[in-house]
Amino acid sequence: MSGITRRVSRLFGGGPRPSRETDTDPSHQAAVARTTSSQHENAALGSGDAILDSYVQGAPSGKQALEIFAGEWSSRLPPPYDVITGSSELFEDARIKWMLEVIGGIEGYRILELGPLEAGHTTMLERAGAGTITAVEGNTRAFLKCLIVKEVLGLERSHFLCGDIHGFLAECTDRFDLCLASGVLYHMRDPVEVLNAMARVSDRLVLWTHYYDPAVLDHPEIAVHFGSATERAIGDLTFTEHRYEYGEALAWNGFCGGSAHYANWLERDTILECLRRAGFDSIEIGFDEVMAQHGPALAIVARRGRVVH
Ligand SMILES: C[S@@+](CC[C@H](N)C(=O)[O-])C[C@H]1O[C@@H](n2cnc3c(N)ncnc32)[C@H](O)[C@@H]1O
């Protein structure tokens, strides 16, 4: 783990307080022996000098800002930042390009994005001409990464809110031209309620999600995450939730799943039936993969007839 990552862990209270890198350096030990009385006073007060780890050296740069979360980036940022960030192409995502084609452009749209992670899709939407993007992110580390990206890439019409998706939707009285929930539904514990709540805020929903299919049982590395299946009913819709445990994935600071140890996955038919019952009479499906890397997945553009041009 890099020094910077350790500093961030400390900043967020993630794990035991590590000693400074210089503590094993003999020259630092000599310096410690010469510590001034005021430093002793600080140490006695419990403040020490840990705060110095939160400072950077040199002139300001995007690289410096991105390195606050070194080792925790999932997405590959555009050059020159590609070499210090992750590998997922979320700033050039074919799923978002497909959605833009199906919808026929988003010029001037007011967009609600749920779970922006590192603002990759947000950036694509802004570059495609969206009027405003309100993005709700519940992971505080991801929220801060979005703010860094906003500054580094100069996003001007994107606004990030730190909060829970369900909590936001429950209170939302606003309407949006489009609601994007990519990589979100299968991280919810109450996915049908969240889907219904999304349907209330927009006539255009864009989803990319995993769903449960018995085919996962043929893949031990995926099957191991699944536990019980529970029958539920909401109104006259009956459906099954399949409990998915995150397990060891929770050990990584860059974890970008849901806010509990588990989520509930829906079956494909349940997702489509929810959309139909919510009045989405135009449903287009893309990226239909019976077995994507982490399980069955599909992308959906769902619209109510009145907004289909
Ligand atoms: C798998 S990532 C998807 C990122 C991106 N939208 C994409 O499609 O690649 C899920 C995102 O949703 C966020 N998230 C998960 N559960 C959430 C919740 N209950 N409230 C707010 N954000 C949540 C995660 O922190 C993460 O940023």
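**Reading the labels**

Helix 5 has its buried residues covered by elements that include helix 6, strand 4 (178–182), strand 5 (204–210), strand 9 (282–292) and strand 10 (295–303). Bear in mind that this is a predicted model, where local features need pLDDT of at least 70, side-chain atom pairs count only at pLDDT 80 or more, and totals for chains, interfaces and linings use all residues. Residues are numbered from 1 along each chain as its sequence is written.

Q: What makes a stretch a helix or a strand here, and how many does the protein chain have?
A: Helices (H or I, at least four residues) and strands (E, at least two) are DSSP runs, numbered from the N terminus. By that rule the protein chain has eleven helices and ten strands.

Q: Why is Leu-117 called buried?
A: A residue is buried if 20 or more other C-beta atoms lie within 10 Å of its own, exposed if 12 or fewer, and partly exposed in between, with C-beta atoms placed from the backbone. Leu-117 has 26 C-beta neighbours inside 10 Å, so it counts as buried. Ala-119 is buried too, with 31 other C-beta atoms within 10 Å. Of the 309 residues of the protein chain, 33% are counted as buried.

Q: Which residues of helix 5 are buried, and why are they said to line one face?
A: Arg-95, Ile-96, Met-99 and Ile-103 are buried in helix 5. Seen down the helix axis, the buried residues fall within an arc of 95° (taken over the directions from the axis to the C-beta atoms), so they line one face of helix 5. The face turned away from that buried side carries the exposed residues Ala-94, Lys-97 and Glu-101. Gly-104, with a positive phi near 85°, follows helix 5.

Q: What makes the peptide bond between Pro-79 and Pro-80 worth a look?
A: Most peptide bonds are trans. The bond joining Pro-79 and Pro-80 is cis, with omega about 5°. Pro-80 sits in the loop between helix 4 (62–66) and helix 5 (94–103).

Q: How do you know that strand 6 and strand 7 pair?
A: Two strands pair if DSSP finds at least two bridges between them. Strand 6 and strand 7 (residues 237–245) have seven bridges, in the antiparallel sense. Glu-231 stands opposite Thr-240 in strand 7.

Q: Why are strand 6 and strand 8 edge strands?
A: The open sheet has three strands in the order 6-7-8, with antiparallel pairing. Strand 6 (226–234) and strand 8 (262–265) each have a single partner strand, so one side of each is left without a neighbour in the sheet.

Q: What joins strand 9 to strand 10?
A: A hairpin does, through two residues. Seven bridges link these antiparallel strands, and Ala-292 stands opposite Gly-295 in strand 10.

Technical notes
Two residues are in contact if their C-beta atoms, placed from the backbone, lie within 7 Å.
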